[in-house]
Amino acid sequence: MRIRITILGTGTLAEALGRRWAHAGHEITVAGRSVEKARQLAQRLGAGARAVPLAAIAAGAGSEANPGTAAWAGADAVLLAVAYTGVEEIFRAVGAPGGALSGLTVIDATNAVDHGVGVLRVPPGTSHAQRVAELTPGARVVKAFHLFPSEQWAAAESADTGTTNLPPSVTICGDDAAALRTTEELVRDVGAEPVVLGGLDRARQLEEAAGFVISLAFSGVDPSRAVPAMPTS
C-alpha cells in the first residue's frame, strides 16, 4: 500500500528513512525550519518527493509547485525527526496544538536525552511520546525508530545489526490499532521487523532503553554485548 508521509525534519534520520520509504514507493513530503534544506533533501530523495514550507503547512497552502494542495490533505503519517529541543517550536509552526494533525499517525522518533549521557529529560512517570500526544491533540502517536542510529537505515537495505543475518527489530508502542498497523508497514519497508511492546504508556520504557544504548555507545561499549542473547524457541 502506498503511504503518504510528511517528514518533519531534514537531518540524517529523516534522510535515511525517507530514502528507504521513497524507494518502497511511498509519497514523501519534507518540511523543516530551513526551506532550503527541505528542498535539498527532497531533491536527494527523488522519486517525486517534494518540499513544503512550515508556514504553508500551518496555512494549509501547500508547496510552491502545488499551491492549492494542503500538506496534510493527503497525508497518512507524519515522521517527527527533529532534535527534542525543537519539537514544541515545529509543532507550533505547523498548527499542531490547534488540531492540524488530528487523525494522522504521528511517529515520534526523537530521543529526549542528554547528549552523550543518555539521561531522559522528561518528568518521572511520563515520556516524550506522551508529551508529543499532548502537543498534537487528536493525533495517533506511535513511538518508533528512535533506537537505531540513522546509519542503520542509511546502509544497504540488506544490512542487519552486524551480529546476525536477521533483520533488525524495531520496537514500537501506541494506543491506536490503525496507527500501529501503518507504522508496522513502514518498519517492514525499511527492511526491519516490527515488534509492538504495548500502549503509549510503555513509551518511557523504550526511551529509557535508548538512553541506555546511547550512554554505552558514547562510552565506547558495543551495546549488543551488554544485552544477553536469549533463545528464540
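Helix H1 (12–23), helix H6 (150–154) and helix H8 each contribute at least two residues to the lining of the second largest pocket. In this predicted model, the pocket has a volume of about 760 Å³. Its lining comprises 34 residues, and those nearest the centre are Leu-13, Val-82, Ala-83, Ala-109 and Asn-111. H8 provides the largest share of the lining, with 5 residues.

Leu-13, one of the residues nearest the pocket centre, belongs to helix H1. Leu-13 is classed as buried because its relative accessibility, 16%, falls under the 20% cut-off. With residues up to four places away in sequence set aside, Leu-13 touches Gly-18, Ala-109, Phe-145, Ser-150 and Trp-153. Among these contacts, Ala-109 is also listed with the residues nearest the centre of the second largest pocket. The C-alpha atom of Leu-13 is 9.6 Å from that of Phe-148, although 135 residues separate the two along the chain.

Phe-145, a contact of Leu-13, is located in the loop between strand E6 and helix H6. The backbone of Phe-145 has a positive phi of about 65 degrees, although the residue is not a glycine. Phe-145 is buried, because its relative accessibility is 3%. A positive phi of about 50 degrees is found at Ala-47, again in a residue that is not a glycine. Ala-47 is part of the loop between helix H2 (35–45) and strand E3 (50–51). The relative accessibility of Ala-47 is 58%, so this residue counts as exposed.

Helix H8 spans residues 203–218 and contains 16 residues. The distance from its first C-alpha to its last is 23 Å, close to the 22 Å expected at 1.5 Å a residue. In an α-helix there are 3.6 residues a turn, so residues three or four places apart point the same way. The buried residues of H8 are Ala-203, Leu-206, Glu-207, Ala-210, Gly-211, Ser-215 and Leu-216. Elements that cover these buried residues include the strands E5 (105–108), E6 (140–143), E7 (169–174) and E8 (193–198), together with helix H5 (128–135). Just after H8, Gly-220 adopts a positive phi of about 85 degrees.

Helix H7 covers residues 177–188 and includes Thr-183. Thr-183 has a relative accessibility of 0% and therefore counts as buried. The side chain of Thr-183 reaches the backbone oxygen of Ala-179 at a distance of 2.9 Å. Apart from neighbours within four places in sequence, the contacts of Thr-183 are Thr-105, Ile-107, Val-142, Ala-144 and Ile-172.

For the protein chain as a whole, the secondary structure consists of 8 helices and 8 strands. Buried residues make up 45% of the 233 residues. Among contacts with a separation of 6 or more, 65% are between residues 24 or more positions apart. The accessible surface of the chain is about 10900 Å², and carbon and sulfur atoms account for 52% of this area.

How values were computed
Residues are numbered from 1 along each chain as its sequence is written. This is a predicted model: local features need pLDDT of at least 70, side-chain atom pairs count only at pLDDT 80 or more; totals for chains, interfaces and linings use all residues. Side-chain values use heavy atoms; hydrogens and water are left out. Helices (H or I, at least four residues) and strands (E, at least two) are DSSP runs, numbered from the N terminus. The expected span of a helix is 1.5 Å times one less than its number of residues. Buried means under 20% relative accessible area, exposed over 50%, partly exposed in between (1.4 Å probe, protein chains only). Contact means heavy atoms within 4.5 Å. Accessible areas come from the Shrake-Rupley method with a 1.4 Å probe; for residues, only the protein chains shown count as cover. A polar contact is a pair of N or O atoms within 3.5 Å; within protein, one must be able to donate a hydrogen and the other to accept it, and residues adjacent in sequence count only if both atoms are side-chain atoms. On a 1 Å grid over the protein atoms alone, a cavity is a set of points where a 1.4 Å probe fits but cannot get out, and a pocket is an open set with protein on both sides within 12 Å along at least five of seven lines; lining residues have an atom within 4 Å of a point. Grid points are joined across faces, edges and corners, and a volume is the space filled by probe spheres set on the points.
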